[in-house]
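Trainee: I am new to this structure. Please show me how to read it, one feature at a time.
Mentor: Gladly. Ask, and I will give the general idea and then the case here.

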Amino acid sequence: MPDISVTAVILLCLAAAAAGWVDAVVGGGGLLLLPALVMGLPANMASTFALGTNKAVAIVGTTGAAITYIRKAPIDVRIAVRIGLAALAGSMTGAFFAAGISNEVMRPMIMVVLVGVGTFVIFRPNFGTAPATGPVGKQRILAAILLAGCGIGFYDGLFGPGTGTFLVLALTAILHFDMVTASATAKIVNVCTNAGALAMFAYQGYVLWQLALLMAVFNLAGGMFGARTALKKGSGFVRVVLLVVVFTLVAKLAYDQWVA
């Protein structure tokens, strides 16, 4: 356990619970969890410890949310697992290169994509609210494996915040899922991306296991409650939360880039 105050540990646990709820509903829990770890850990500790510990916490919450969704939502587990295996490989590759990435270069690129995504969702009010269509064709599944699996998985290992949100959007757009089904499928894929990145960070020694296990209990509770909330409220609610998370993430990235 790093040398941090009891107050800081309590605040980190509360952030983990809130992040679990947000991540289960629409993704983007890293928006809360990763900055909280960066601020809560000692200033002289490498930022990669925050990245590694974040993955150890997040995988517990996403697993709990995924189990809740599998039991209650109409998920095609075979499609989710195929995308998830690609995401596992992508996230391990991204985590391997994480130490050498320049945040100053990546943040503006992500902000442009997020603004575009938010604008698209605003001007397409029916996006993700219609019921999921019939059987998904092989070409769409392949596209989802490449983009949502390999591509977003690589991003998750490399940087992370907003991964769940990107997965929900990609699965809705490519596979024509409604947002609840997309959120449910994204949780299974996100478990795989977290597992791949965590394996690499653990191998490199960048996980604070005692702190992670404590925070993970709160993240699990938040994640399971968030999954139940999304199932109860439906796609319209998920869409609203999605927009809030997208533009909050843009604001956070802009602050980190030009103010902090």
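Trainee: What is the radius of gyration of the protein, and what would a compact globule of 260 residues have?
Mentor: The radius of gyration is taken over C-alpha atoms, and the globule rule is 2.2 Å times the number of residues to the power 0.38. For 260 residues a compact globule would come near 18 Å; the protein has 17 Å, which agrees. Its C-alpha atoms fill a box of roughly 55 × 35 × 30 Å along the principal axes.

Trainee: What should I know about the model itself?
Mentor: This is a predicted model, in which local features need pLDDT of at least 70, side-chain atom pairs count only at pLDDT 80 or more, and totals for chains, interfaces and linings use all residues. Residues are numbered from 1 along each chain as its sequence is written, and side-chain values use heavy atoms, with hydrogens and water left out.

Trainee: How many helices and strands does the protein have?
Mentor: Helices (H or I, at least four residues) and strands (E, at least two) are DSSP runs, numbered from the N terminus. Here there are ten helices and zero strands.

Trainee: How long is helix 4, and what span is expected?
Mentor: The expected span is 1.5 Å times one less than the number of residues. Helix 4 covers residues 77-96, 20 residues in total. From first C-alpha to last it reaches 28 Å, close to the 28 Å expected at 1.5 Å a residue.

Trainee: Which residues of helix 4 are buried?
Mentor: Buried means under 20% relative accessible area, exposed over 50%, and partly exposed in between (1.4 Å probe, protein chains only). In helix 4 the buried residues include Ile79, Ala80, Ile83 and Gly84. Helix 6, helix 7 and helix 8 (179-204) are among what covers the buried residues of helix 4. Across the protein, 55% of the 260 residues count as buried.

Trainee: Which residues touch the most other members of the largest nonpolar core?
Mentor: In soluble globular proteins, nonpolar side chains tend to be buried together. A nonpolar core is a set of buried Ala, Val, Leu, Ile, Met, Phe, Trp, Tyr and Cys residues joined through side-chain atoms within 4.5 Å. The largest here has 54 residues, and Ile83, Leu171 and Leu175 touch the most other members. Helix 10 gives the largest share, nine residues. A second, separate core has 29 residues, including Leu37 and Phe201.

Trainee: What does Thr185 touch?
Mentor: Contact means heavy atoms within 4.5 Å. Thr185 is in helix 8, and at 1% relative accessibility it counts as buried. Leaving out residues up to four places away in sequence, Thr185 touches Ile75, Ala80, Leu171 and Phe177. By that rule, Leu171 touches partners including Ile83, Ala148 and Thr185.

Trainee: How many aromatic pairs are there?
Mentor: Rings of Phe, Tyr and Trp (its six-membered ring) pair if their centres lie within 6.5 Å; planes under 30 degrees apart count as stacked, over 60 as edge-to-face and the rest as tilted. The whole structure has four aromatic pairs. One of them, Trp21 with Phe237, is edge-to-face: 6.3 Å centre to centre, with 80 degrees between the planes. Trp21 lies in helix 1 (residues 6-25) and Phe237 in helix 10 (residues 235-258), so the pair ties together parts 216 residues apart in sequence.

Trainee: Are Trp21 and Phe237 buried or partly exposed?
Mentor: Trp21 is partly exposed at 23%, and Phe237 is partly exposed at 25%.
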